[in-house]
Each structure stands twice: as structure tokens, then as C-alpha cells.
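Hi,

Here is the structure I said I would pass on. Have a look at it first, and then read my notes below.

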Amino acid sequence: MSTDRNQVLSLHKYFLNASQMKRHYEDRGRAHGLASSPADDDWTFQWIYLSLWYASLFVVAEGWQEARMRNERVSELLADSEKLGALRRFRNGIFHFQADYFDARIVDFLALGAESALWAHELHAALGSDLLSRLRSAH
């Protein structure tokens with residue numbers, strides 16, 4: 001199934017949301033050092049940006065799959081059902097009210113440690129590269 005330009009543009013809109021939150025998260029970390037606990041001065045801001053980035057990243061991955069887009073690297077990353085499922089639950093924990101501040105839906109993805117962070121960075125880069133390529137070829 002080919003993906004029409006409107007689907008790509010729509011998905012790119014969600015990717016821009018994720019990218020902006022990623023950028024804010026990384027900028028805060030560079031400016032203030034990586035906050036590792038709520039006791040750190042900049043933790044709240046970094047947490048807001050990180051959680052919105054990860055949750056938005058899942059929205060992009062979900063849209064990419066629903067549009068039946070194909071890209072070898074993106075497909076390889078999304079084939080990791082443990083991380084993708086944990087990211088989906090993370091998104092749900094962020095975008096749906098949870099009475100527990102550190103709800104399991106949020107903690108499970110983070111508990112995968114550096115592995116989940118690296119995977120999220122790689123997925124973000126692969127989705128961005130794929131979408132940019134599609135937008136460039138549509139002209």
C-alpha cells in the first residue's frame with residue numbers, strides 16, 4: 001500500500017511534536033546536567049520533556065504502522081515487541097490520568113534502563129529519516 005502525501009504530512013506533524021520535546025529534554029540536560037531523581041533541581045522540567053517526548057514518539061510509531069509504511073530500520077526497531085509494548089503503556093500512563101505518580105505503565109519502560117533510552121533515540125532517528133525522505137521525494 002502506498003502512503004499518500006497527506007498521511008506523511010499528518011504523521012510528520014506528530015513527529016515535530018516529539019522532536020520538540022526531545023530537543024527541550026536534551027537542551028535541559030546539557031544546561032543543567034542529567035537529573036536522575038526528583039531531588040535534583042531540574043528534574044521536573046526534564047521529566048516533563050522526556051515523558052512528552054516518549055509518549056509522542058509512540059504516537060508517531062503507531063501512526064507509521066497504521067499507515068502501513070515500510071522502512072527496514074524502522075520495522076526492525078518496531079519488531080522489538082517488549083520495548084514497543086512498554087512504550088505504548090508509557091504513552092497511556094502519560095496521556096491518561098493515573099492516581100499513582102509512578103504508575104507501572106510509566107515505570108516499566110524506564111526500568112528497561114539505558115537500553116530503552118537508546119532504542120527510543122534510534123527509533124526517533126529512523127522515523128525522522130524515513131519521513132524526511134518521503135517528504136523530499138513527494139516534491
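**What I found, starting with a histidine**

Setting aside neighbours within four places in sequence, His124 is in contact with Phe15, Ala18, Ser19, Lys22, Trp53 and Leu57, where contact means heavy atoms within 4.5 Å.

Before going on, the ground rules. This is a predicted model, so to speak of local features I need pLDDT of at least 70, and side-chain atom pairs count only at pLDDT 80 or more, while totals for chains, interfaces and linings use all residues. Residues are numbered from 1 along each chain as its sequence is written, and side-chain values use heavy atoms, with hydrogens and water left out.

**More on His124**

His124 sits in helix α6; helices (H or I, at least four residues) and strands (E, at least two) are DSSP runs, numbered from the N terminus. With a relative accessibility of 7%, His124 counts as buried. The cut-offs there: buried is under 20% relative accessible area, exposed is over 50%, and partly exposed is in between, using a 1.4 Å probe and protein chains only.

Which side chains make polar contacts with the side chain of His124? One is Ser19, at 3.0 Å, and another is Trp53, at 3.1 Å. A polar contact here is a pair of N or O atoms within 3.5 Å; within protein, one must be able to donate a hydrogen and the other to accept it, and residues adjacent in sequence count only if both atoms are side-chain atoms.

Helix α1 (residues 5-32) and helix α6 (residues 114-137) pack at about 140°, and their axes are 10 Å apart. Axes are lines fitted to C-alpha atoms, for helices over the stretch in contact, and the angles run from 0 to 180 degrees between N-to-C directions. That angle makes α1 oblique to α6, given that under 35 degrees counts as roughly parallel, over 145 as roughly antiparallel, 65 to 115 as roughly perpendicular and the rest as oblique.

The crossing of α1 past α6 is left-handed, i.e. the near helix is turned anticlockwise from the far one by less than a right angle (clockwise would be right-handed). For the classes, Ala, Val, Leu, Ile, Met, Phe, Trp, Tyr, Cys and Pro count as nonpolar, Asp, Glu, Lys and Arg as charged, and the others, Gly among them, as polar.

The other pair is helix α2 (residues 43-66) with helix α5 (residues 104-111): their axes come within 12 Å and cross at roughly 90°. That makes α2 roughly perpendicular to α5. Trp47, Leu50 and Tyr54 of α2 meet Ile106, Phe109 and Leu110 of α5. What does the class count look like for α2 with α5? There are 6 nonpolar residues, with no polar and no charged ones.

Arg105 is in α5 and counts as partly exposed, at 34% relative accessibility. Not counting residues up to four places away in sequence, Arg105 touches Ala86, Arg89, Phe90, Gly93 and Gln98. With Gln98 there is also a side-chain to side-chain polar contact of 2.5 Å. Arg105 and Arg88 are 17 residues apart in sequence, and their C-alpha atoms are 8.5 Å apart.

Ala86 lies in helix α4 and is buried, with a relative accessible area of 3%. Apart from neighbours within four places in sequence, Ala86 is in contact with Arg105, Phe109 and Leu112.

Arg91 is in α4 (residues 81-95). Is Arg91 buried or exposed? At 14% relative accessibility, it counts as buried. Leaving out residues up to four places away in sequence, Arg91 touches Ala55, Phe58, Val59 and Glu62.

**The loop between α2 and α3**

Arg68 is in this loop, with α3 being 72-78. Its phi is near 55°, a positive value in a residue other than glycine.

Arg70 is in the loop too, and is exposed, with a relative accessible area of 62%. Beyond four places in sequence, Arg70 touches Trp64, Asp130 and Arg134. Arg70 and Asp130 are 60 residues apart in sequence and 9.0 Å apart in space, C-alpha to C-alpha.

Cheers
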